[in-house]
Amino acid sequence: MSDKVSPDTPKDASYAPRERGLRRRDRILDAATEVFLQSGYEAASLQEIVSRAGGSLATLYRLFGNKEGLFQAMVERKSAHLLQQLEQPRITGKDAADVLYGVGVSFLELALSADALALQRLLIAEAGRNPRLREIYMAIAPERNLRAIADYLEGEVSAGKLQLDDCYLAATQFIGMIKGNYHMRRLMAEEFTLSSQERDTVVHHAVGLFLNGCSSMAPSV
């Protein structure tokens, strides 16, 4: 079976893998992450991914549809941890400072992780000739995470705990405060690490500034 498949080839939506199938799916995603980040998207071979993961191309197509579907699943898995911080059981009854601290720590860890940085470098290199990759990434990683934070903030506004006119904009600004210049420095291959204490200081300070701004909004100009 060839790696050359139509971009709109659908995966088998009726296929619901059981435990063994889920383990196989994880192995394929692990191998796909390695191959995509080592070879780039265009040069990545589905046969190479299957060779590393075990199984068959037929299984890969059944689970993911094609290379684009596999790339999308990889991005979804990478961004899932941050979304977990805003799941209802985690946030029910918690103070906004604690919730936003958890989100901030998870985001900073993700943003500075080697795999996330390698993926973004891949996108910078390839998005010009394959804008669909950019669309997939933006819709799944930044957009989905920002929307989840904005939804949480809207709930706090509705409960009278925060004052915000535009929760989506506020979510964008909060994430910008967390990233600071650390993400850009690492993206450009500057070698440094944030200690646990430094990370906590960055996130606590950002949460404090953000919540102070939400509780006492400056007059409109």
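1. A residue is called buried when its relative accessible area is under 20%, exposed when over 50%, and partly exposed in between (1.4 Å probe, protein chains only). By this scale R77 is partly exposed, because its relative accessibility is 32%.

2. The structure is a predicted model, in which local features need pLDDT of at least 70 and side-chain atom pairs count only at pLDDT 80 or more, while totals for chains, interfaces and linings use all residues. Residues are numbered from 1 along each chain as its sequence is written, and side-chain values use heavy atoms, with hydrogens and water left out.

3. Confidence is expressed as pLDDT, the predictor's confidence in each residue, from 0 to 100. The protein averages a pLDDT of 87, and 88% of the residues score at least 70. Over residues 1–9 the pLDDT is below 50, and this stretch has 16 contacts in the model beyond near neighbours in sequence; a contact means heavy atoms within 4.5 Å. Residues 216–221 also have pLDDT under 50, with one contact beyond four places in sequence. Where pLDDT is low, the predicted coordinates should not be read in detail.

4. Helices are DSSP runs (H or I, at least four residues), numbered from the N terminus. Helix 6 covers residues 96–111, and its 16 residues should span 22 Å at 1.5 Å a residue, which agrees with the 22 Å between its end C-alpha atoms; the expected span is 1.5 Å times one less than the number of residues. D95 caps the N-terminal end of helix 6, with a side-chain oxygen 3.0 Å from the backbone nitrogen of A97. Among the buried residues of helix 6 are A96, V99, L100, V103 and F107.

5. A nonpolar core is a set of buried Ala, Val, Leu, Ile, Met, Phe, Trp, Tyr and Cys residues joined through side-chain atoms within 4.5 Å. The largest such core has 31 residues, and those with the most contacts inside it are Y152, L153 and F174. Two or more residues each are given to this core by helix 6, helix 9 (142–158), helix 10 (167–179) and helix 12 (196–215). Helix 6 supplies the largest share, eight residues. A second, separate core of 30 residues includes A32, V35, L46 and A53.

6. Which residues does Y152 touch, not counting those up to four places away in sequence? The residues are L86, I91, D95, A96, V99 and L100.

7. A salt bridge is a side-chain nitrogen of Lys or Arg within 4 Å of a carboxyl oxygen of Asp or Glu. Side chains of opposite charge can pair when their charged atoms come close. A search of the whole structure finds 14 salt bridges.

8. D30 pairs with R77, the closest N and O atoms being 2.7 Å apart. D30 lies in helix 1 (residues 19–39) and R77 in helix 4 (residues 67–84), so this pair ties together parts that are 47 residues apart in sequence. D30 is partly exposed, at 40% relative accessibility. A network of salt bridges links D26, D30 and R77.

9. D115 forms a salt bridge with K78, with closest N and O atoms 2.8 Å apart. This pair links distant parts of the chain, with D115 in helix 7 (residues 114–126) and K78 in helix 4, 37 residues apart. D115 is partly exposed at 33% relative accessibility, and K78 is partly exposed with a relative accessible area of 29%.

10. E135 and R132 form a salt bridge whose closest N and O atoms are 3.5 Å apart. Both residues lie in helix 8 (residues 131–140), three residues apart, about one turn of the helix.

Methods
Polar contact = N/O pair within 3.5 Å; in protein donor to acceptor, adjacent residues only side chain to side chain.
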